[in-house]
Amino acid sequence: MTAPATVAGTMGWSRRVVLALVRDDIERVLLVAQARERGRTVSWGLAGGVVQDGEDDTVACRRALRQVAGLDLVPRRLLVDHELPLGHPQAAPLLVRVVDCGVIPRLARPRCRWVLPGTVGLYAGPATAWRIRAAFTALQSGRVQHLTGPARRPPRRPPPPRRRR
């Protein structure tokens, strides 16, 4: 990754989280099981975890990827900085970073699922979907994407009108 966690802009956050964007050769995204209910997965998200005291983003990302997905990948570059200031649902200021961990062959992994970017919202929450959309924008533009505040849920589409018979 181009910048360790000690660069300007990461100080003052009471918690930092680093998430890995891992893709396959047709741009599917690797999601890992986040929450289980009655023996089945009910929520999916990007692999990653909390940056521990004294860790930089690269070390934290590699540790988290090994723990949750059994992968040893080196983050290449920062894609997304998502700032959740004081007052968001997590209560303490939070900085979530998404880093590019490259393209790997699509392999079956326990508690993991490969999904197309446009279908992430079917498996993960709105914040994860927002970060993944921003990460793909960063990959295409070459510029880090900056997000602030909680994700807004997309408006629900009204059901199609019923046909009269």
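Where in the chain does arginine 111 lie? Arginine 111 sits in the loop between strand 6 and strand 7 (112–115), and we will come back to it below. What you see above is a predicted model, in which local features need pLDDT of at least 70 and side-chain atom pairs count only at pLDDT 80 or more, while totals for chains, interfaces and linings use all residues. Residues are numbered from 1 along each chain as its sequence is written, and side-chain values use heavy atoms, with hydrogens and water left out.

**Overall layout**

- The protein chain has three helices and eight strands; helices (H or I, at least four residues) and strands (E, at least two) are DSSP runs, numbered from the N terminus.
- Starting at the N terminus, you can follow the elements in the order β-β-β-β-α-β-β-β-α-α-β.
- Of the 165 residues in the protein chain, 42% are buried; buried means under 20% relative accessible area, exposed over 50%, and partly exposed in between (1.4 Å probe, protein chains only).
- Among the contacts in the protein chain with a separation of 6 or more, 67% are between residues 24 or more positions apart; a contact means heavy atoms within 4.5 Å.
- The chain exposes about 10100 Å², and carbon and sulfur atoms supply 51% of that area; accessible areas come from the Shrake-Rupley method with a 1.4 Å probe, and for residues only the protein chains shown count as cover.

**Salt bridges**

- The structure holds nine salt bridges, each a side-chain nitrogen of Lys or Arg within 4 Å of a carboxyl oxygen of Asp or Glu.
- One of them joins aspartate 57 and arginine 97 (2.7 Å, N to O). Aspartate 57 belongs to helix 1 (residues 57–69) and arginine 97 to strand 6 (residues 94–103), so this pair ties together parts that are 40 residues apart in sequence. Both aspartate 57 and arginine 97 are buried.
- Another salt bridge pairs aspartate 72 with arginine 62 (2.8 Å, N to O). Here aspartate 72 is in the loop between helix 1 and strand 5 (77–84), and arginine 62 is in helix 1, ten residues apart. Aspartate 72 is partly exposed at 47% relative accessible area, and arginine 62 is partly exposed at 26%.
- Salt bridges with shared partners connect Arg16, Asp57, Asp81 and Arg97 into one network.
- Glutamate 27 and arginine 23 also meet through their side chains in a salt bridge (3.6 Å, N to O). Arginine 23 is buried, at 8% relative accessibility, whereas glutamate 27 is partly exposed, at 32%.

**Cysteines**

- How many disulfides are there? The count is zero, where a disulfide is a pair of cysteine sulfur atoms within 2.5 Å.
- Cysteine 61 is in no disulfide, and its nearest cysteine sulfur, that of cysteine 101, is 3.8 Å away. Cysteine 61 is buried, with 1% relative accessibility.
- Cysteine 112 is buried as well, with a relative accessible area of 16%.

**Nonpolar cores**

- In soluble globular proteins, nonpolar side chains tend to be buried together.
- The largest nonpolar core in this model has 25 residues; a nonpolar core is a set of buried Ala, Val, Leu, Ile, Met, Phe, Trp, Tyr and Cys residues joined through side-chain atoms within 4.5 Å. The residues with the most contacts inside this core are Leu21, Val29, Leu31, Leu46, Val80, Val98 and Ile132.
- Strand 1 (15–23), strand 2 (29–37), strand 5, strand 6 and helix 3 (126–141) each supply at least two residues of this core. Helix 3 gives the most, with seven residues.
- Apart from this core lies another of 19 residues, among them Val18, Val32, Ala60 and Cys61.
- Leucine 31 is found in strand 2 and is buried, with a relative accessible area of 0%. The residues that leucine 31 touches include Trp44, Leu46, Tyr123 and Ile132.
- The C-alpha atoms of leucine 31 and glycine 45 are 5.1 Å apart, although 14 residues separate the two along the chain.

**Backbone angles to look for**

- Most residues other than glycine have a negative phi.
- Glutamate 27 has a positive phi of about 70° although it is not a glycine, and its place is in the loop between strand 1 and strand 2.
- Arginine 111, from our opening question, has a positive phi near 60° and is also not a glycine. Arginine 111 is exposed, at 52% relative accessibility.

Terms used: Lists of a residue's contacts leave out its neighbours within four places in sequence.
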